[in-house]
Amino acid sequence: MARRPASSQAGRPYDHEQDPYGDAYGDPYGRDPYGGDAYGGDPYAGRRRRRRRWPRVLAVLLALLLVSVVGGYFYLDSRLKRETVLEDYAGRVADTPGTNWLIVGSDSREGLTRDQKRRFATGDAQGRRTDSMMLLHYGDGGTTLVSLPRDSYVEIPGRGRNKLNAAFAFGGPKLLVRTVEQATGVRIDHYAEIGFGGFVGVVDAIGGVDMCIKEPMRDRKAGLNLQPGCQTLDGGQALGYVRTRASARADLDRIDRQRQFFGALMKKSASPGVLLNPFRSVPLALNATSNFLVDDDDHLLDLVRMMWAMRGVTGGDGVTTTVPIGGAGSAAGVGAYITWHRTKAAQLFDALKQDRPVPSDVITK
């Protein structure tokens, strides 16, 4: 048999023009057994087209992710309850360095069912009153969380001297902020408030909070009945734990428990087990944003920064303290109250005003 001439295309044994109809070595339908087609097509064209599509697919996915994140942020931000709290007034404290939050736990029953009110022993009181107050400062001088006892005897603008929580009862958040600013000399930049129902919802959203109880705790007024030992407190138990005053130092012991509990709450809320678990993180985000009341100018990003600062300070990266106590007393129409230690309290708040570390000798546990 005569030998066929070699193809002019490298790697092909026969020239297609010399075998136009195909034979034992060629394909009568124009297909090339070496890839491409019989007319010199690129055997890798399909693969390159697929590779060129990937950047476009990735760009679309990233765009969808960005839209979801931005949309989710604005949706959650819109769920925050807002109220005009921070406003200027004659003689208001000048702006101070660092960032200052007034964080308030109120006894609002909003969001609790009738059965929950019964089980948690909250009663049916209307409106809201302050149950706990904390001043959070963070800046170049570090992070400090100061508990403000609600029985502190202070000057309330336009109302004379009374307990600190009376300011909220007299004039709501606005008057409370003004009272705190004038009593401490620290200008409040942000305000956050959460009621009983919101507190229970946040705790339950993350699956409860682990606490170690040293001795039996029973308080019918707070719906509390805990046995000693390390255990996970659900929302109702946690509410009773931070509310009860049934101990030797009453409100001062309660303040200690509140700081301890909020530290554990923030630590778990920011843990991978919650943040990376959509069955925990989504309910947490929905509960937190729908139950926090903030100032008109506050947004979700501000709240996230506050929670992150709280997590750090209660985890040991900062200072937690109570205003130094100077004494106690009572007055008609006021009842029993406590007073601040004039010198030490002034040193504490001066440090916050100047964004400096708090002196160790004014820190009380």
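Modeller: I start with Tyr-73, which is partly exposed because its relative accessibility is 28%; buried means under 20% relative accessible area, exposed over 50%, and partly exposed in between, with a 1.4 Å probe and protein chains only. The model is predicted, so local features need pLDDT of at least 70 and side-chain atom pairs count only at pLDDT 80 or more, while totals for chains, interfaces and linings use all residues. Residues are numbered from 1 along each chain as its sequence is written, and side-chain values use heavy atoms, with hydrogens and water left out.

Tyr-73 belongs to helix α1; helices (H or I, at least four residues) and strands (E, at least two) are DSSP runs numbered from the N terminus. Not counting residues up to four places away in sequence, Tyr-73 touches His-299, Leu-300 and Leu-301, where contact means heavy atoms within 4.5 Å.

With neighbours within four places in sequence left aside, Leu-76 is in contact with Ala-285, Leu-286, Thr-289 and Leu-300. The C-alpha atoms of Leu-76 and Ser-290 are separated by 8.2 Å, and the two residues are 214 residues apart along the chain.

Next comes helix α6 (residues 251–269), in which Ser-269 is found. Ser-269 counts as buried because its relative accessibility is 13%. Its side chain reaches the backbone oxygen of Leu-265 at 2.8 Å. Beyond four places in sequence, Ser-269 touches Ile-206, Val-274, Leu-275 and Leu-284.

Two helix pairs remain. Two packed helices are described by the angle between their axes and the distance between the axes. Axes are lines fitted to C-alpha atoms, for helices over the stretch in contact, and angles run from 0 to 180 degrees between N-to-C directions. Helix α6 packs with helix α9 (residues 300–314) at an angle of about 115°, the axes being 8 Å apart. α6 passes α9 in a left-handed crossing; a crossing is left-handed if the near helix is turned anticlockwise from the far one by less than a right angle, and right-handed if clockwise. Arg-259, Phe-262, Gly-263, Met-266 and Lys-267 of α6 make this contact with Met-307, Met-310, Arg-311 and Thr-314 of α9.

In the second pair, the axes of helix α4 (residues 196–205) and helix α5 (residues 235–243) come within 8 Å and cross at roughly 125°. The two are therefore oblique to each other (under 35 degrees counts as roughly parallel, over 145 as roughly antiparallel, 65 to 115 as roughly perpendicular, the rest as oblique). The crossing of α4 past α5 is right-handed. Phe-196, Phe-199, Val-200, Val-203 and Asp-204 in α4 meet Gly-235, Gly-236, Ala-238, Leu-239, Val-242 and Arg-243 in α5.

For context, the chain has 10 helices and 15 strands, and buried residues make up 44% of its 365 residues. Of the contacts with a separation of 6 or more, 64% are between residues 24 or more positions apart.

Terms used: A polar contact is a pair of N or O atoms within 3.5 Å; within protein, one must be able to donate a hydrogen and the other to accept it, and residues adjacent in sequence count only if both atoms are side-chain atoms.
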